[in-house]
Amino acid sequence: MHLSAEQSTAVEVGQRHGKPVVFSVLAGQMHQDGFIFYLSDNGVWLTDHVPAKYLSFSL
């Protein structure tokens, strides 16, 4: 899963594929719970998966 530090970046990237839907990820809690994150060369955060309990969505 690709993650962005800023909502504006997530919206910009999501618009490449139609109307974007942006979720907030409780990445700090995920990290505390043992999930691993990687920072790619182009500044995108990556992780293998994000369980639903770490997701938040607002319109």
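Biologist: Let's start with the overall layout. How many helices and strands does the protein have?

Modeller: Keep in mind that we're looking at a predicted model. The secondary structure comes to two helices and five strands. Go along the sequence and you get the pattern β-α-β-α-β-β-β. As for dimensions, the C-alpha atoms fill a box of roughly 35 × 30 × 15 Å along the principal axes.

Biologist: And what share of the residues counts as buried?

Modeller: The general idea is a cut-off: buried means under 20% relative accessible area, exposed means over 50%, and partly exposed is in between. Here, 10% of the 59 residues count as buried.

Biologist: Can we try that on single residues? Is Glu12 buried or exposed?

Modeller: Glu12 sits in helix α1. Its relative accessibility is 53%, so Glu12 counts as exposed. Now take Pro20, in the loop between α1 and β2. Pro20 counts as partly exposed because its relative accessibility is 25%.

Biologist: What about distances? How far apart are Glu12 and Ile36 in sequence and in space?

Modeller: Read the two separations side by side. Glu12 and Ile36 are 24 residues apart in sequence, and 25 Å apart in space from C-alpha to C-alpha. For Pro20 and Ser4, the figures are 16 residues in sequence and 13 Å in space, again C-alpha to C-alpha.

Biologist: On to the surface. Which residues form a nonpolar patch?

Modeller: A patch like this joins nonpolar side chains within 5 Å, using residues with over 30% relative accessible area. In this model, the patch is formed by Val21, Phe23, Leu55 and Phe57, with about 370 Å² of accessible area together. Leu55 belongs to strand β5. Its relative accessibility is 31%, so Leu55 counts as partly exposed.

Biologist: Now the largest pocket. What is its volume, and which residues lie nearest its centre?

Modeller: The volume is about 970 Å³. The lining is made up of 30 residues, and those nearest the centre are His2, Ser4, Ala10, Val22 and Phe23. The elements giving two or more residues to that lining are β1 (2–3), α1 (7–14), β2 (23–25) and β5 (55–57).

Biologist: Which element gives the largest share of the lining?

Modeller: That's α1, with six residues.

Biologist: And what is the lining like by class?

Modeller: Sort the lining residues by side-chain class and count. For the largest pocket, 18 are nonpolar, nine are polar and three are charged. Phe23, one of the residues nearest the pocket's centre, is also part of the nonpolar surface patch.

Terms used
Residues are numbered from 1 along each chain as its sequence is written. This is a predicted model: local features need pLDDT of at least 70, side-chain atom pairs count only at pLDDT 80 or more; totals for chains, interfaces and linings use all residues. Side-chain values use heavy atoms; hydrogens and water are left out. On a 1 Å grid over the protein atoms alone, a cavity is a set of points where a 1.4 Å probe fits but cannot get out, and a pocket is an open set with protein on both sides within 12 Å along at least five of seven lines; lining residues have an atom within 4 Å of a point. Grid points are joined across faces, edges and corners, and a volume is the space filled by probe spheres set on the points. Helices (H or I, at least four residues) and strands (E, at least two) are DSSP runs, numbered from the N terminus. Ala, Val, Leu, Ile, Met, Phe, Trp, Tyr, Cys and Pro count as nonpolar, Asp, Glu, Lys and Arg as charged, and the others, Gly among them, as polar. Patches are made of residues with over 30% relative accessible area and no salt bridge: like charges are joined within 9 Å, nonpolar side chains (Val, Leu, Ile, Met, Phe, Trp, Tyr) within 5 Å. Accessible areas come from the Shrake-Rupley method with a 1.4 Å probe; for residues, only the protein chains shown count as cover. A salt bridge is a side-chain nitrogen of Lys or Arg within 4 Å of a carboxyl oxygen of Asp or Glu. Buried means under 20% relative accessible area, exposed over 50%, partly exposed in between (1.4 Å probe, protein chains only).
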